[in-house]
Amino acid sequence: MRNTAFRIAVLLLLLTGCLILASGLGSSFIGPSRVTAALLGHGSRTDAIIVWTLRLPRVALATLAGMALGLSGALLQRALRNPMAAPSILGITDGAALGVVTFLWLFSDQANVLTVSIHWQPVAAVIGACAFAFLAGMLTLADRSRRDPVRLILYGIALAALAKACVTLMMIVGPVYRASQALQWITGSVSAAHWMDVGVVAAGLALSVPVLILMRLPMRQIVLDQQTAMTTGLAVDRSRIGLLVLSVLLTALAISQVGAIGFVGLIAPHAARLFHGQFRPGYLLATALIGGILVLAADTLARTIASPLELPAGAVTALIGAPLFLSLVLRRHRRNG
């Protein structure tokens, strides 16, 4: 228990350090001591405006979205008993991207002006993510010959490819301005963060906590094979569906606000297993903290490494996540071989 508390404390300190550093980096650098003073209400008025109004909403949104994506990946991997499962692989992220591009397509006039509020765009992302997750689930249930979690991953990959193709076609045929706006969202960006967005993601995470507490025992049982899990009294299919639904909702919540940032749901659970251990108390908390650190670090790097240009945060996470996914595939292939 003491080791668990120590590991969580280390992650909290690391996240706090990243928060302070990210809040100080920008066109005008603010040192850690001045950032801390501004956060505590003791700094200058200029520092307070820069930190609280301009930078902290972005920093907070990146952190909370990373937490949601990390938790989503952990739930998927636990439910499907597969370390390669992730929202970006199962078509959830690409379904959300298709929802956003469809929204921009349907509600833009000939002058490339939206005819409805841009605040409906996250709703379109949620609808797209949930629709593709539901379709992958229905295809898996309809496949009575082999109704197992691996089939869900295969159907998810196929649907992700379909969504990517539709997005590409719609961006080519659609208006150039809307195509560039859609591309910015698809690659993942936290540049348009507001406190309202932070509140939405924070509320979603807070609502998921009681559910995760109730599911803590089924999450330990479901890692067993299906027959063994059933002998422990677990309703395997019901528990698996519950974890999948919560994972989809967390993914949709995050990417509806920050765009299609991929691979965080793959990296964070693996990092938490290595650093913390997946069967120790606090594994999900460790995963959430690592997810928050990953997205915050990626966004900070994306907006400072090529300043004044701003790179998409999703490109930074993909540079890390894609090689990791390939290594997992090769390791699994060698083990099975």
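**View 1. Salt bridge between Asp-47 and Arg-34.** The side chains of Asp-47 and Arg-34 form a salt bridge with an N to O distance of 2.8 Å, the term denoting a side-chain nitrogen of Lys or Arg within 4 Å of a carboxyl oxygen of Asp or Glu. Asp-47 belongs to helix α3 (residues 45–80) and Arg-34 to helix α2 (residues 32–39), so the pair ties together parts that are 13 residues apart in sequence. Helices are DSSP runs of H or I with at least four residues, numbered from the N terminus. Asp-47 is buried at 6% relative accessibility, whereas Arg-34 is partly exposed at 39%; buried means under 20% relative accessible area, exposed over 50%, and partly exposed in between (1.4 Å probe, protein chains only). The structure is a predicted model, in which local features need pLDDT of at least 70 and side-chain atom pairs count only at pLDDT 80 or more, while totals for chains, interfaces and linings use all residues. Residues are numbered from 1 along each chain as its sequence is written, and side-chain values use heavy atoms, with hydrogens and water left out.

**View 2. Salt bridge between Glu-310 and Arg-58.** In this pair, the closest N and O atoms are 2.6 Å apart. Glu-310 lies in the loop between α13 (283–304) and α14 (313–336) and Arg-58 in helix α3, so the contact ties together parts that are 252 residues apart in sequence. Glu-310 is partly exposed, with 40% relative accessibility; Arg-58, by contrast, is buried at 12%.

View 3. The side chains of Arg-303 and Asp-299 meet in a salt bridge at 4.0 Å, N to O. The two residues are 4 residues apart in helix α13, a separation of about one helical turn. Both Arg-303 and Asp-299 are buried. Through salt bridges that share partners, Arg-58, Asp-299, Arg-303 and Glu-310 are joined into one network. The count of salt bridges comes to 5.

**View 4. Nonpolar surface patch.** Trp-105, Leu-106, Phe-107, Val-116, Trp-120, Val-123, Ile-127, Ile-172 and Val-173 make a nonpolar surface patch of about 910 Å². Patch residues have over 30% relative accessible area and no salt bridge, with nonpolar side chains (Val, Leu, Ile, Met, Phe, Trp, Tyr) joined within 5 Å and like charges within 9 Å. Accessible areas come from the Shrake-Rupley method with a 1.4 Å probe; for residues, only the protein chains shown count as cover. At least two residues of the nonpolar patch come from each of α4 (92–106), α5 (121–142) and α6 (149–173). Trp-120 is located in the loop between α4 and α5.
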